Each structure stands twice: as C-alpha cells, then as structure tokens.
Amino acid sequence: MKYMMLIYWNHAEKPDFTPEELQKLRQGWLNFNKEAEAAGVLLDYNGLLDITDATTVRVRDGKTLITDGPFAETHEQLGGYYVLDCKDLDEAISWAAKIPAVIAGSIEIRPMYIAGQG
Amino acid sequence: MSAAALIETTYREEHGRVIAALISQFGDFTLAEDALQDALVVALERWETEGVPRNPGAWLTTVAKRRAIDRLRRATTQDRTADVLDLPTIQDEPDMDIPDERLKLMFTCCHPSLALEAQVALTLHTLGGLSTTEVARAFRVTESTMAQRLARARRKIHNARIPYRVPPAELLSERVDALLAVIYLIFNEGYCATGGDAPIRHDLCGEAIRLGRVLVKLLPQSAETHGLLALMLLHDSRHEARLDKAGELVLLDEQDRTLWDQTKIDEGTAILDMALTLYQPGPYQVQAAISALHAEAATPEATDWRQIAMLYGSLATMRPSMVVEVNRAVAVAMAWGAPAGLKMLLPLDAEADDFYPYHAARADLLRRTNQREAAADAYERAIALCGNSAERSYLQRRLNEMLNRGV
C-alpha cells in the first residue's frame with residue numbers, strides 16, 4: 001500500500017539555526033532516508049522551496065488566472081513529501097513519527113489512489 | 001420463544017462474534033454486514049418452519065460465509081441469477097467452533113486514526129449489534145447522519161488500510177487505553193442521561209457493561225480492563241436511586257441507598273479485588289475503589305472519606321484534572337474538616353472560574369465555615385454556570401438559606 005506523507009511546517013517560525021544545528025538537522029533527514037531505504041519502504045521523496053516562490057494557477061471561463069503564492073493565508077505550509085510503501089496504516093504511522101519535521105510541524109498521511117478505488 | 005424473537009436475541013448476543021469471524025475471513029466490513037443481513041433473512045424463514053439450531057451463532061456464521069462467497073462471485077461474474085444455496089440443515093451441528101476474533105475487531109473500530117465519534121458509533125454498531133437507527137437515537141443525530149458516519153469510517157478502514165489485528169506489544173497498552181476510553185464514553189453517555197429520553201440512553205450503560213465483560217474475557221491480564229468493568233458496575237448500581245420520579249438527578253448524599261443494586265455492587269467489588277491482585281494500578285481501578293467506598297457506606301456519614309481523599313490524591317497524579325482536584329478538596333473537607341478542604345480549593349481559583357462544581361464546592365465549604373456572604377456569592381456564581389436543574393435547585397435552596405439567615 002502506497003502512502004504519501006505530506007510534510008507541513010510553519011515557515012514563519014523558522015528559527016535561526018547555528019551551523020552545528022543545521023548540520024544535525026541535515027543528518028536527521030539523511031538518517032531517515034537511509035533507514036526507510038534499508039527497510040525497503042522508500043519509493044520517492046522531495047523537498048519543496050518556500051511558498052514565496054509559489055504560483056497558483058486556475059482556469060475559469062476559459063481564462064487562465066495566475067496569482068502569487070498560495071491562495072489562502074496558512075500557518076503551516078507544505079514543505080515536502082515522502083511516498084512510502086507500507087503494509088498498513090500502523091506501519092505508515094510509525095514511519096511518519098520518525099520524519100524529522102514531525103516534532104515541530106505535522107505529517108499528513110494520505111493513502112494513494114489506486115485505479116478503481118475510492 | 002418465536003423464531004423472530006430468538007433471532008433478535010441471537011443477533012444481539014452473537015453479532016460481534018459473527019461479524020468478527022466474517023471480517024477475519026473476507027477482510028471487508030461492508031461485505032460482512034451485508035452477508036450477515038442475508039443470513040438473518042434466511043434464518044427467519046428456516047427457523048420458523050424447521051426449528052432453531054442448537055448453536056444459532058455458528059449456524060448464522062456458516063450461512064453468512066456462504067452468502068459472502070456468493071456475493072463476491074456474483075460481483076466478479078456479473079451473474080445476477082439467484083443461487084440455490086447449499087444451506088446447512090437445522091440439525092447440522094456446525095463442524096467448526098467460531099474462533100473469537102472480537103478483540104481484533106475492537107482494535108480496528110477504536111483505531112486512533114478514526115474520529116472519536118466514529119469509533120463510538122462503529123463499536124456500538126459492529127460489536128454491539130445496535131442498528132443504525134438505535135445508535136442515531138442514542139447520540140441524538142439523524143439516521144442519515146449516523147449512516148454516513150458509519151459508512152465513512154468503514155471506507156477509511158478499507159482505503160487507509162487500518163489493520164485488523166491485535167496490536168504488537170509496543171502499541172498494545174496505548175491501544176487498550178483507547179478501547180477502554182471508548183467503552184467508558186459509551187457508558188457515560190448513558191449514565192449522564194436525564195429527562196425524556198433517559199431510558200433509551202440508559203441502554204448504553206448496559207451495552208458498555210456488556211462490551212466491558214467481553215473485553216475482560218479477551219484481555220484477562222489487563223488490570224485496567226477489570227477496573228473499568230468494576231467502575232461501570234459500581235456506578236450503575238446506583239441507577240434506580242439517581243433519578244427521582246420526574247427523571248431529575250438526585251445527588252449522592254440524598255439518594256435512597258436501599259435502592260442501590262447490591263448484586264452489581266458485589267460483582268463490581270469482586271472484580272475490583274481481582275484487578276488489584278494484578279498489581280498494575282491505574283485510574284479506572286482508583287475510580288472504582290472510590291465508587292466502592294461510597295457503595296459500602298450505609299449512610300453518607302459512614303463514608304470512609306479519608307481513604308477517598310487519598311485515592312483522589314493518587315488519581316490527581318495519574319490523570320490530573322479540575323474535576324479530580326475539586327472532588328479531592330471536597331473529600332479532604334469531609335475527612336479533615338471544611339477549612340482543610342477550602343485551603344486546597346482556593347488555589348484553583350484562576351483556572352476554575354467557569355467550572356461550576358468548583359464554585360458549588362467552594363460555596364458549601366464557605367457555608368460550613370460560616371462565611372455567609374462569600375458563600376452566597378459563590379452559590380450565585382455556581383447557579384449561573386450550572387446546567388443541571390436538580391443541582392441548580394439544590395444550590396438555590398442553599399443560597400436562600402444563606403440570604404435569609406444573613407438578614
């Protein structure tokens with residue numbers, strides 16, 4: 001079963017890390033990736049740049065509407081994702097609880113659509 | 001007993017077990033429910049004419065399994081013709097013992113990824129065998145709202161793949177806590193019911209106790225599971241005395257203790273004693289112990305308030321809350337005098353300002369230490385915050401005393 005782990009955190013509250021802290025943080029992500037890969041659950045992952053670099057597109061009445069950033073003011077924004085292959089929701093939850101961002105932000109677990117399901 | 005009445009009883013008693021066995025085999029909640037419904041229709045016809053099988057639960061399971069297989073086959077082959085089913089005869093002694101899979105089902109229904117209200121509804125419907133209509137009435141929502149709530153929960157179990165199993169050791173204790181919380185919530189929904197629909201809702205107490213008994217059988221080593229069952233039995237023993245003829249709540253001190261159900265008290269106390277031998281203290285056992293001390297006192301004055309005060313002290317460290325703090329201060333006042341109780345109560349002031357039991361307790365303790373004006377103020381504040389008419393009229397009576405004697 002594929003689960004997408006959407007990683008949300010509050011960019012406004014991003015603290016100023018010292019180089020040592022930053023290094024530790026990076027190591028945390030690398031360790032998670034290594035562990036998930038070794039367990040054979042890691043299918044895909046990516047980090048996203050800040051919402052200040054985002055553009056929102058809509059097509060209404062045939063017209064393309066383009067706006068800067070995301071539509072709504074949100075405290076937490078999507079910062080990245082993992083796609084993990086887990087046997088059930090409990091396994092997915094146990095992986096989500098290890099994603100480094102989980103202690104400050106939150107992880108939304110979304111089962112991925114399989115054709116014919118829903 | 002007529003076949004219809006017997007099916008009704010069998011359904012109630014066996015529903016959880018049969019459904020759990022079906023879900024185990026087919027891994028599909030909806031299919032299991034549909035197949036059981038089919039089997040009930042068959043049972044109604046057959047039992048009427050041929051008599052009732054010796055093991056109705058096993059018979060229903062056998063028929064429901066065949067129906068489920070039939071439904072699956074028809075779903076894949078688009079074959080809509082009615083099948084001639086190879087039904088077990090009534091005399092057939094089913095060859096299998098249905099394995100008890102209800103524990104797995106409980107863990108699925110009470111999975112923390114489901115909203116609490118969905119956990120409660122699923123547990124009552126799937127394990128307790130309450131119809132959608134009955135669950136809807138008990139929770140005062142429309143039938144379609146409840147049907148949607150159940151359908152959404154079943155869909156999530158399927159789509160998000162919520163496991164159907166007894167959780168592994170590292171998750172077990174927190175997941176058992178979740179089961180107990182759901183059962184206790186069902187009990188309290190029934191226990192706190194007053195007024196017109198109280199009888200319907202009191203059924204929830206019976207249902208919670210029934211689920212508690214099943215869980216005790218399935219988890220005999222879990223002391224808190226025994227503790228919860230003991231607590232529910234001890235609380236429920238006061239059922240007859242708790243409401244007056246108008247359906248209004250009667251406070252513990254003013255209850256006719258001869259109406260307390262001694263059988264439930266004895267059973268609850270025995271289960272609590274059993275729990276204590278497992279040496280895993282927990283909040284349900286402590287609350288049951290408090291309830292047992294009330295139950296064994298022939299009069300309010302005979303209550304062992306010292307021990308109750310100490311038990312509230314342990315409860316405050318296990319599960320701190322404002323209710324516990326207020327009850328603890330009241331018990332301290334009963335055991336060691338009103339000034340001692342007041343001394344514990346007053347520091348809560350800032351946090352407890354909109355919590356009426358705090359003001360009611362403070363008012364009573366101020367009255368007992370002859371601080372009439374302050375007591376009257378506290379009664380007024382409590383009355384303004386209290387939503388229960390029986391308690392409000394008690395508080396009003398006390399307030400009047402303060403005002404009259406104060407003049």
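## Reading the model

Helices (H or I, at least four residues) and strands (E, at least two) are DSSP runs, numbered from the N terminus. This is a predicted model, in which local features need pLDDT of at least 70, side-chain atom pairs count only at pLDDT 80 or more, and totals for chains, interfaces and linings use all residues. Residues are numbered from 1 along each chain as its sequence is written, while chains are lettered from A and ligands numbered from 1 in the order in which they are written.

## Chain A

Now for strand β1 (residues 2-9) of chain A. It pairs (at least two DSSP bridges between the strands) with β5 (residues 77-85) of chain A, antiparallel, over eight bridges. Six bridges join β1(A) to β6 (residues 106-111) of chain A, again antiparallel. A:Y3 shows up in both pairings: it stands opposite A:L84 in β5(A), and its bridge partner in β6(A) is A:P111.

## Where the chains touch

Seven residues of chain B are in contact (C-beta atoms, placed from the backbone, within 7 Å) with six residues of chain A. On the chain B side, that gives four nonpolar, two polar and one charged, where Ala, Val, Leu, Ile, Met, Phe, Trp, Tyr, Cys and Pro count as nonpolar, Asp, Glu, Lys and Arg as charged, and the others, Gly among them, as polar.

Note on methods
Contact = placed C-beta atoms within 7 Å.
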